[in-house]
Amino acid sequence: MKRIILIFILGICTGANAATLFVLDNVNDDLYSIETNDLTNPVFIGSIGNSGVYKGLIITMDGKLSSIDRATSEIVKINSANPLLTSAVALDYLVTENLEGLARSPNGEIYVILPGMVLGLLDPSSGMATPAAVISGLSVIEAMAFAPNGTLYVAGAAGTFNVTPPKASTSLFTVDTNTGQTSLIGSMISSGVTDIDALTWADGYLFGANARTSPAEDLWQIDPSNANAVNLGNTGLVGISGLAAAPVPTPAAFLLFASALGLLRVARREAA
């Protein structure tokens with residue numbers, strides 16, 4: 001009995017480590033959710049209902065999803081339960097391909113990539129972006145995400161800005177939000193990564209995917225310390241241009257821990 005209970009507790013804890021990600025399909029303008037420990041059953045939430053070229057996905061402080069429409073240079077809000085657009089605000093800059101990124105810092109600030117390889121702070125209510133720092137040493141940025149400690153990670157390529165044709169985003173960097181100084185974590189090519197167009201942080205790792213239209217995309221779990229990428233499997237989805245980790249419900253996590261603790265106490269009493 002003791003062994004069965006301990007195995008059950010281990011199974012609970014292992015399941016608790018799985019992350020739920022919102023996935024933006026830029027080919028069909030659809031929103032899905034997936035579990036990082038089981039990619040076989042993506043859940044279709046619904047269609048955004050507006051034809052756009054969406055890039056990046058974040059969860060704002062009010063719990064809405066936001067993305068940038070590259071076709072119209074707008075920041076849009078999306079209802080995660082019924083993914084129709086709830087608002088669209090024109091940006092005061094032109095969104096440029098290969099200079100893309102949308103990330104929310106732990107304190108709620110929204111960062112974007114501005115023309116000229118400039119990191120910007122975006123006011124989503126007005127669409128105004130304030131330059132924060134010129135980013136050094138990168139030719140391409142296609143996705144970025146914050147860690148809980150405030151470190152900004154970007155998927156991009158080293159080199160001189162405005163290189164033609166642009167390089168694929170196969171390397172992981174950190175960017176200092178105050179100075180724009182970049183630090184190379186490592187290349188992901190040896191792991192099999194060909195391009196990263198979407199990036200998010202969950203459960204101590206970065207998760208990334210490509211936005212190509214064919215074949216269906218794999219999900220990559222990326223170690224933020226060395227850029228080692230592990231292929232978690234095929235998602236069955238195409239054109240993944242945005243990933244956002246769903247918030248972990250604290251009450252459920254507490255109940256999970258309490259249940260496991262209670263079972264452990266039962267096991268200890270049986271052992272005694």
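**Figure 1. An open sheet of four strands, in the order 4-5-6-7, is built with antiparallel pairing.** The edges of this sheet are formed by strand 4 (54–59) and strand 7 (85–90), each of which pairs on one side only. From one strand to the next, the twist averages 20 degrees. The model shown here and in the other views is predicted.

**Figure 2. Strand 4 and strand 5 (residues 65–69) run antiparallel and are joined by four bridges.** Within this pair, Ile58 stands opposite Ser66 in strand 5. The two strands form a hairpin with five residues between them, in which Gly63 takes a positive phi near 85 degrees. Strand 4 is mostly covered, with six of its six residues buried.

**Figure 3. Strand 6 (residues 74–78) pairs with strand 7 in the antiparallel sense.** Five bridges make up this pairing. Ile75 has Val89 in strand 7 as its bridge partner.

**Figure 4. A further open sheet contains four strands in the order 3-2-1-20, with antiparallel pairing.** Strand 3 (38–47) and strand 20 (240–245) are the edge strands, and each pairs on one side only. The twist in this sheet averages 25 degrees from one strand to the next. Strand 1 (residues 20–25) and strand 2 (residues 30–35) run antiparallel and are joined by six bridges. Opposite Val23 stands Tyr32 in strand 2.

**Figure 5. Strand 14 and strand 15 form a hairpin with six residues between them.** The strands run antiparallel, and five bridges join strand 14 to strand 15 (residues 182–187). Phe173 stands opposite Leu184 in strand 15. In the turn, Gly180 has a positive phi of about 80 degrees.

**Figure 6. Thr170 lies in the loop between strand 13 (152–158) and strand 14 (171–175).** With a relative accessible area of 12%, Thr170 is classed as buried because this value is under 20%. When neighbours within four places in sequence are left aside, Thr170 is in contact with Gly156, Ser187, Met188, Ile189, Val193, Thr194 and Asp195.

**Figure 7. Met128 is placed in strand 11 (residues 128–134).** The relative accessibility of Met128 is 51%, so this residue counts as exposed, the cut-off being over 50%. Residues up to four places away in sequence not being counted, Met128 touches Asp92, Leu121, Leu122 and Asp123. Met128 and Leu91 are 37 residues apart along the chain, while their C-alpha atoms are separated by 6.1 Å.

**Figure 8. Met117 has a positive phi, near 60 degrees, in a residue other than glycine.** Met117 is found in the loop between strand 9 (110–114) and strand 10 (118–123). The relative accessible area of Met117 is 1%, and the residue is therefore buried.

**Figure 9. Asp203 is not a glycine, yet has a positive phi of about 55 degrees.** The loop that holds Asp203 runs between strand 16 (198–202) and strand 17 (205–209). Asp203 has a relative accessible area of 44% and is therefore partly exposed, a class that lies between the 20% and 50% limits.

**Figure 10. The second largest pocket has a volume of about 180 Å³.** Its lining comprises 16 residues, of which Lys55, Arg70, Glu97, Asp197 and Ala211 are the closest to the centre of the pocket. Divided by class, the residues lining the second largest pocket are four nonpolar, five polar and seven charged.

**Figure 11. The protein as a whole has two helices and 20 strands as its secondary structure.** Of the 272 residues in the protein, 45% are buried. Among contacts with a separation of 6 or more, 46% are accounted for by residues 24 or more positions apart.

Key:
Residues are numbered from 1 along each chain as its sequence is written. This is a predicted model: local features need pLDDT of at least 70, side-chain atom pairs count only at pLDDT 80 or more; totals for chains, interfaces and linings use all residues. Side-chain values use heavy atoms; hydrogens and water are left out. On a 1 Å grid over the protein atoms alone, a cavity is a set of points where a 1.4 Å probe fits but cannot get out, and a pocket is an open set with protein on both sides within 12 Å along at least five of seven lines; lining residues have an atom within 4 Å of a point. Grid points are joined across faces, edges and corners, and a volume is the space filled by probe spheres set on the points. Ala, Val, Leu, Ile, Met, Phe, Trp, Tyr, Cys and Pro count as nonpolar, Asp, Glu, Lys and Arg as charged, and the others, Gly among them, as polar. Buried means under 20% relative accessible area, exposed over 50%, partly exposed in between (1.4 Å probe, protein chains only). Contact means heavy atoms within 4.5 Å. Two strands pair if DSSP finds at least two bridges between them. Axes are lines fitted to C-alpha atoms, for helices over the stretch in contact, and angles run from 0 to 180 degrees between N-to-C directions.
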